[in-house]
Amino acid sequence: MTTKGALTRGNIVSLFLVVGVAVAAYWSTFVDLYHMWSSNEDYSHGFLVIPLAVYLAWRKRHEMLDKATDSSSMGWGLAMVWVILYVAGSMGHIATVKNVSMVVLPIASSAIVLGPAAARCMMVPSFFLLFMFPIPSEIYTRVTNPLLLISTTASYHILGSLSIPVLQDGNLLSLPDYTMEVVLACSGIRSLITIMALAYLMAALMLRGVLQWVMLLLASVPTAIAGNILRITLTAVLAYHVSPKAAEGFSHTLVGVATFIVAFVLLSTCMVLIRWMFEPKKR
């Protein structure tokens, strides 16, 4: 029997057992993820995903323990799903399937140890783990190319409205004495992933209800695109009004940080508006 509202010795043993299974089963995956986070700036935020997911689960600990029940068929069914995904991903060398199995593992374990209600509480931190995995190459290519063209074209029109002479040729912006290539790193996919992860975290901490979550996650997409367009535009402005060297190196990094802050402010504003929309009217 599971004791409600208290963490029993059996729960602690089960927790360490699950952690041990996860480390043993996904050790090679963690090593690959570490190298990707270290070398690819698009996923450098991955170092923060697991600690933040643990924090989100820790915030739900009292709710999970209060609603704890004996294990049900749901938990063993999810465990079977995890086994199928893990075996298929490992034997077929399909990284995406194996990564998804990692998300299923904590949900299935919670359902077995603490019951279905605890598994539902574990869904939010578990799905947050998706942000630490690489986007499948097919989806990455289909997303980055349109984002690249959108960002370049929008920046071209903004620069023209600022009376800055500029020509666009695909992802090239030609200014007097300077040609700027909007490469894949500046397509917006980097800021899109980071901003969406931030939106998910903000929704988990500040919002209630599926509709509010969906609204904030949807708002994160144009927010990230707008921030990237601002970054490209500011870089071109620096190159034209200051010097081409001012658009590179430290200044380029500084512009990236500034535009991320602007995107964060926009996202926070969207969150405040969503909360205001759903706030009960005071009598």
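**Before you start**

This is a predicted model, in which local features need pLDDT of at least 70, side-chain atom pairs count only at pLDDT 80 or more, and totals for chains, interfaces and linings use all residues. Residues are numbered from 1 along each chain as its sequence is written, and side-chain values use heavy atoms, with hydrogens and water left out.

**Stop 1: the whole chain**

Colour by secondary structure. The chain has 10 helices and three strands. Helices (H or I, at least four residues) and strands (E, at least two) are DSSP runs, numbered from the N terminus. Follow the chain from that end: the order is α-α-α-α-α-α-α-β-β-β-α-α-α.

Now switch to a surface view. Of the 283 residues, 39% count as buried. Buried means under 20% relative accessible area, exposed over 50%, and partly exposed in between (1.4 Å probe, protein chains only).

**Stop 2: helix α1**

Select residues 9-39, which make up helix α1. Pick out Leu 17 in this helix. Is Leu 17 buried or exposed? Leu 17 counts as exposed, because its relative accessibility is 59%. Leu 17 and Ser 109 are 92 residues apart in sequence, yet their C-alpha atoms are 9.8 Å apart in space.

Stay on the surface. Select Leu 15, Val 19, Val 23, Trp 27 and Val 31. Together they form a nonpolar patch with about 460 Å² of accessible area. Patches are made of residues with over 30% relative accessible area and no salt bridge; like charges are joined within 9 Å, and nonpolar side chains (Val, Leu, Ile, Met, Phe, Trp, Tyr) within 5 Å. The areas come from the Shrake-Rupley method with a 1.4 Å probe; for residues, only the protein chains shown count as cover.

Zoom in on Val 31, also in helix α1. Val 31 counts as partly exposed because its relative accessibility is 31%.

**Stop 3**

Leu 65 has 12% relative accessibility, so it counts as buried. Leu 65 and Gly 115 are 50 residues apart in sequence and 9.6 Å apart in space, C-alpha to C-alpha.

A salt bridge is a side-chain nitrogen of Lys or Arg within 4 Å of a carboxyl oxygen of Asp or Glu. By this rule the count is one. Glu 63 is partly exposed, with a relative accessible area of 29%. Lys 60 is partly exposed, with a relative accessible area of 29%.

**Stop 4: the largest pocket**

Centre the view on Leu 15, Val 19, Ala 57, Pro 106 and Met 122. Of the 31 residues lining the largest pocket, these lie nearest its centre. Two or more lining residues come from each of α1, α2, α3, α5 (95-114) and α6. α1 gives the most, with nine residues. The pocket has a volume of about 1000 Å³.

On a 1 Å grid over the protein atoms alone, a pocket is an open set of points with protein on both sides within 12 Å along at least five of seven lines; a cavity is a set of points where a 1.4 Å probe fits but cannot get out; lining residues have an atom within 4 Å of a point. Grid points are joined across faces, edges and corners, and a volume is the space filled by probe spheres set on the points.

The lining divides into 24 nonpolar, six polar and one charged. Ala, Val, Leu, Ile, Met, Phe, Trp, Tyr, Cys and Pro count as nonpolar, Asp, Glu, Lys and Arg as charged, and the others, Gly among them, as polar.

**Stop 5: the second largest pocket**

This pocket has a volume of about 870 Å³. Select Phe 127, Phe 131, Tyr 200, Trp 213 and Leu 217, the closest to its centre among 33 lining residues. The largest share of the lining, eight residues, comes from α8.

**Stop 6: the cavity**

Finish with Leu 56, Arg 59, Lys 60, Cys 121, Val 124, Pro 125 and Ala 204, which line the largest cavity. About 30 Å³ of space lies inside. α6 supplies three of the lining residues, the largest share.
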